[in-house]
Amino acid sequence: MASPETPVDVHSAAAEQAHDLAVARKDILRIATAGSVDDGKSTLIGRLLYDSKAVFEDQYAAIERASHGDYVDLALLTDGLRAEREQGITIDVAYRYFSTPRRTFILADTPGHVQYTRNMVTGASTADLAIVLVDARKGMVEQSRRHAFLASLLRVPHLVVAVNKMDLVDWSEDVFEGIGDEFTAFATKLEVSDVTVVPISALLGDNVVTRSANMPWYQGASLLHHLEHLHVASDRNLVDTRFPVQYVIRPQSDAFHDYRGYAGRVAGGVLRPGDEVQVLPSGLTTTIAAIDGPDGPLDAAFPPMSVTVRLTDDLDVSRGDMICRPANAPQVTQDLDAIVCWMTDQPLQPRQRLGVKHTTRSVRAVVKDVQYRLDVNSLHRERDVSHLGLNDIGRVTLRTTQPLFIDDYHRSRETGRFILIDESTNATVGAGMLTPPRH
Amino acid sequence: MSPLDTLPDHRLTQLQTLEAESIHVLREVAAESERPVLLFSGGKDSIVMLELARKAFAPARIPFPVMHVDTGLNFPEVLEFRDKRVAALGVELVVASVPDAIAAGIVREEPNGSRNRIQTPVLLDAVEQHGFTALFGGARRDEDKARAKERVFSFRDEFGQWDPKNQRPELWDLYNGRIHLGESIRVFPLSNWTELDIWGYIAQEEIEIPPLYLAQEREVVDRQGMLYAVNEFITPKDGETVFRESVRYRTVGDANLTAAVRSTATTVEQVIAEIAVTRLTERGATRGDDKVSDAAMEDRKKEGYF
């Protein structure tokens, strides 16, 4: 073993610079990737981590020891579980962290095979951007189409198609353009507003962090440059005020005898003291007296801040209630119409009873109807289906025991989603995205 | 009333985002779980977690107790810090004592002197005795490959075991903390924080930390390339020379197993500079207990470890 290393000179200019970069005020971009070992997904992530210096020497030494062949297998950086290393596959979502001087990245690394659709949905659920990997030699295949579809279904606002292994097609512009056209044709069926196609070689690093010298015909930015400069501020809904009450804070101390605050995370809109608000389900209106943030009173709160709201009037408000604006309230309903991704072996079928968690509200529901199942490869709607099986996605109607305060998932990701829970096993068995009410 | 010092366009900085996410998780568990408890070791991560809990419920008190699994091998500075912090917050402290468990015959001392493994049954016993249903831990996903795969809400069976192949899907921020009687969940509010985020937050919030984290001259011995400060648990063996060196601790575990690193960082700002240019992970650099194998953490978690 090496002798203890010499200490870092914390007074050096380099250390000072490193400090300033580390504490620089940056935002976070959440990325989801999907793919199997063959796509070079693990190699791409290894490359992003390694080239952005998120890999430490002891980690690198460990994979160097474990690598066979001529080069250090960067894919080994990402395989976490014993079974994954033994079988050479990715089973579950793994989260990776790296940052550049401009931005911090949280990357959800998910498996690509159809039997792991639920893991992909899990990874994409929190993402700002999804990277779909395409092998330049194979072009768009079933799996790449499925990944793009799932990202659009989950309303991931930005999509990057990374055409990988360009080194194996002689850096051919024609091959790249062909795949780009193929994807564009497919994407017309999807609802994605922002698509970028980048030619890369994850193995050799071309266009991952720095621009490739091998593809002078490509005028766009490298993948990392794109991730760093992407505009995400307008992705959130700052229009529809939604504040699901999570927890009621009552200190019951002498100093705060009359304090009664409603804690929660802002799901949409901007809340300000003085705003007239409505509380659901009571429908009563009042005004916001004050908003307390983690460090004291605030003049505004917006997503995804966790704050405590105090109201002018002493109303009966509890967990699961929703604070909104009188002129802009969510739909109050017991009837849910949603696209559901089913995540367990036991099928979802009519008359089944399930637990539902929507914002901070937990209710029970009965399945009324399975309207259709989506073929995730062809996007074809199969009607006349009796149930949804594991990893199936379909449109389902449910009736809940209590009203929920819902929005269309397209408009508000936070109030348009729910999970389904099997009340006997307590497992999370489904993810639902509410669709617009039919007229 | 003041505007929050955010980025332009109503965007939060990374620390504001992480803080909001952690507070959401803490409140969700307090609202839904019958009897939560926060694991507090006196290390930097649990110090930050406790501070976030304070903020989550202010101006009320933290609505759950704090538990320390006391291996009996603590740095005295850490115990002192623990007691001071708990008293200041007015929270209840539960101590699960490994020496008591050894005396009662519940666990047996391991030949190598490490109590890392035997603290798990002591933790599980305390959970059962007190009926805890949710345990907050300060683990972060950037620490280890197995941790990178664990959910924020990590379901454990009645033996506290983690089944990595059968984790509950975790969608959006809709956490499912439902359990049957006897089961529990481990909740990791700091899942998405990195080591540098923790230090950045300690600096930004001016959070007090035990002095062990800062460099000072200490008497040390060199064991297989790692520096151990001489204390009541580390005495020089035959042939070992004691020398004085400016060192600090990057992690604070058991005093008989946690190595120090050569450092001249005497302030939090300097610690951040040091970590930002250092090329070794914190566990790789200082924890003898994680070096056993590539899957050491995965194996311990399956047995009920955090």
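Where does Gln252(A) lie in chain A? Gln252(A) sits in the loop between strand 8 (247-249) and strand 9 (261-265) of chain A. The model is predicted.

**Backbone features**

In general, most residues other than glycine have a negative phi, and most peptide bonds are trans. Gln252(A) is not a glycine, yet its phi is positive, about 50°. Gln252(A) has 9 other C-beta atoms within 10 Å, so it is exposed. Asn426(A), also not a glycine, has a positive phi of about 65°. Asn426(A) is found in the loop between strand 20 (417-421) and strand 21 (428-434) of chain A. With 17 other C-beta atoms within 10 Å, Asn426(A) is partly exposed.

| Cis peptide bond | Omega |
|---|---|
| Pro303(A) to Pro304(A) | about 0° |
| Ala58(B) to Pro59(B) | near 5° |

Pro304(A) is in the loop between strand 12 (296-298) and strand 13 (306-311) of chain A. Pro59(B) is in the loop between helix 2 and strand 2 (66-70) of chain B.

**A covered helix in chain A**

Helix 5 (residues 117-125) of chain A is mostly covered, with 9 of its 9 residues buried. Among them are Arg118(A), Met120(A) and Ser125(A).

**Domains of chain B**

Chain B is divided into domain 1 (14-198 + 295-302) and domain 2 (212-290). Their centres, taken over C-alpha atoms, are 25 Å apart. Domain 1 of chain B gives 19 residues to the contact, and domain 2 of chain B gives 16 residues. On the domain 1 side, helix 3 (76-89), helix 6 (195-205) and helix 9 (296-302) of chain B each give two or more residues. That side divides into 6 nonpolar, 7 polar and 6 charged residues.

**Where the chains meet**

The contact between the chains takes 72 residues from chain B and 75 residues from chain A. On the chain B side, helix 1 (14-32), helix 2 (44-57), helix 6, strand 8 (226-229) and helix 7 (268-277) each supply at least two residues. Helix 1 of chain B gives the largest share, 10 residues. The side of chain B divides into 31 nonpolar, 20 polar and 21 charged residues.

How do helices cross here? The axes of helix 1 (residues 13-22) of chain A and helix 7 of chain B come within 8 Å and cross at roughly 95°. These two helices are therefore roughly perpendicular to each other. Residues in helix 1 of chain A, including Ala15(A), His19(A) and Leu21(A), meet residues in helix 7 of chain B, including Glu269(B), Ile272(B) and Val277(B). By class, this helix contact has 9 nonpolar, 1 polar and 3 charged residues.

Technical notes. Residues are numbered from 1 along each chain as its sequence is written. Chains are lettered from A and ligands numbered from 1 in the order in which they are written. This is a predicted model: local features need pLDDT of at least 70, side-chain atom pairs count only at pLDDT 80 or more; totals for chains, interfaces and linings use all residues. Domain bounds come from an automatic or database domain assignment. Two residues are in contact if their C-beta atoms, placed from the backbone, lie within 7 Å. Helices (H or I, at least four residues) and strands (E, at least two) are DSSP runs, numbered from the N terminus. Ala, Val, Leu, Ile, Met, Phe, Trp, Tyr, Cys and Pro count as nonpolar, Asp, Glu, Lys and Arg as charged, and the others, Gly among them, as polar. Axes are lines fitted to C-alpha atoms, for helices over the stretch in contact, and angles run from 0 to 180 degrees between N-to-C directions. Angles under 35 degrees count as roughly parallel, over 145 as roughly antiparallel, 65 to 115 as roughly perpendicular and the rest as oblique. A residue is buried if 20 or more other C-beta atoms lie within 10 Å of its own, exposed if 12 or fewer, and partly exposed in between; C-beta atoms are placed from the backbone.
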